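Thanks, everyone. Let me put the chain on the screen and then walk you through it.

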Amino acid sequence: MNEIIAIIIAAVLCWLNFVVIDTWMGLPEAPGVKGAEVIGRAVKKRGGDLAGGLFQGNIVCSPDASAGTLLASAACYTIGTPEGGLVAAVLVYAGNRLCADPGYAGTTGALSITCIIYAASYIGIGPAEFIVGMVLAIVTIQGIDHPLASKLLGKIADKMGRHTKLT
């Protein structure tokens, strides 16, 4: 498979994995870690959606899901699939417990992306493409335009019944 196409497909799969799991785990609903509400309110003040801003704030202040997915991709690349992904999930789980992070988004993301990488390997998309794909997913969620990304994240949260009740 063409490497550019593989990276694009991997980026879309990483983005969906990242956003769906984090939304399902409630990141847009409330600040789960210190600092998330400050970021969410700052994004809202700049014209963004509060739920999307809380999602972004939770990721910035406790990047377990993005880190879990990226770590799982890298571990699958170096150790192999699925062993590397399982090692990554254990490391993310331990890190969350050490930091008193109440969620399991990173562990869930590491396990789900391991399954996705394993399945995608049958069509020629390997862990290396997923490493690049996850970086692209993180950049589109966090780095390009916070208010615009927060509006999209807020709409997704609303569709999944996870929009914040905070005002």
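Predicted model: local features only at pLDDT ≥ 70, side-chain atom pairs only at ≥ 80, totals over all residues.

Start with the surface. There is a nonpolar patch of about 930 Å². Its members include Ile4, Ile8, Val12, Leu16, Val20 and Trp24. Met25, Tyr93, Tyr104 and Met160 also belong to it. Which helix gives the most to this patch? Helix H1, residues 3–24, with six residues. Take Ile4 as one example from the patch. Ile4 lies in H1. Its relative accessible area is 55%, so Ile4 counts as exposed. The cut-off for exposed is over 50%.

Next, charges. How many salt bridges does the model have? The count comes to two.

One joins the side chains of Glu29 and Arg162, at 2.8 Å from N to O. This pair links distant parts of the chain. Glu29 is in the loop between H1 and helix H2, which covers 36–45. Arg162 is in the segment after helix H8, which covers 146–159.

Glu37 is partly exposed, with a relative accessible area of 32%. Arg41 is partly exposed as well, at 31%.

Now the rings. A pair of aromatic rings is described by the distance of the centres and the angle of the planes. The structure holds three aromatic pairs. I will show two of them.

Take Phe18 and Phe55. Their ring centres are 6.2 Å apart, and their planes meet at 55 degrees. Why is this pair called tilted? Because 55 degrees falls between the cut-offs: under 30 is stacked, over 60 is edge-to-face. Phe18 lies in helix H1, and Phe55 lies in helix H3, residues 50–61. So the pair ties together parts that are 37 residues apart in sequence. Both Phe18 and Phe55 are buried.

Back to Tyr93 and Tyr104. Their ring centres are 6.1 Å apart. Their planes are at 20 degrees, so this pair is stacked. Tyr93 is in helix H5, residues 83–98. Tyr104 is in the loop between H5 and helix H6, which covers 105–120. They are 11 residues apart. Tyr93 has a relative accessible area of 38%, and that makes Tyr93 partly exposed. Tyr104 is partly exposed too, at 39% relative accessibility. Both tyrosines are in the nonpolar patch I began with.

H6 has 16 residues and should span 22 Å at 1.5 Å a residue. Its end C-alpha atoms are 22 Å apart, which agrees. Buried residues in H6 include Ala105, Gly106, Gly109, Ala110, Ile113 and Ile117. Thr107, Ser112 and Thr114 are among the buried residues of H6 as well.

Helix H7 covers residues 127–143, 17 residues in total. From first C-alpha to last, H7 reaches 23 Å, close to the expected 24 Å. Its buried residues include Phe130, Met134, Ala137 and Ile141. Glu129 and Gln142 are also among the buried residues of H7.

Finally, two single residues.

Ala36 lies in helix H2. Is Ala36 buried or exposed? Buried, at 0% relative accessibility. The C-alpha atoms of Ala36 and Gly57 are separated by 3.9 Å, though the residues are 21 residues apart along the chain. Not counting residues up to four places away in sequence, Ala36 touches Pro31, Gly53, Leu54, Gly57, Asn58 and Cys61.

Thr164 is in the segment after H8. At 9% relative accessibility, Thr164 counts as buried, because the cut-off is under 20%. Its C-alpha is 8.7 Å from that of Gly154, 10 residues away along the chain. Leaving aside neighbours within four places in sequence, Thr164 contacts Pro28, Glu29, Leu50, Ala51 and Leu54. Glu29 is the residue that bridges to Arg162. Leu54 is also on the contact list of Ala36.

That is the tour.

Note on methods. Residues numbered from 1 in each chain as written. Heavy atoms only, no water. Patch = residues over 30% accessible without salt bridge, like charges linked within 9 Å, V, L, I, M, F, W, Y side chains within 5 Å. Areas by Shrake-Rupley, 256 points an atom, 1.4 Å probe, with all protein chains shown as cover. Salt bridge = Lys/Arg side-chain N within 4 Å of Asp/Glu carboxyl O. Helix = DSSP H or I, 4+ residues; strand = E, 2+ residues; numbered from the N terminus. Buried < 20%, exposed > 50% of the residue type's maximum accessible area, 1.4 Å probe, protein only. Phe/Tyr/Trp six-rings, centres within 6.5 Å; stacked < 30°, edge-to-face > 60°. Expected span 1.5 Å × (residues − 1). Contact = heavy atoms within 4.5 Å.
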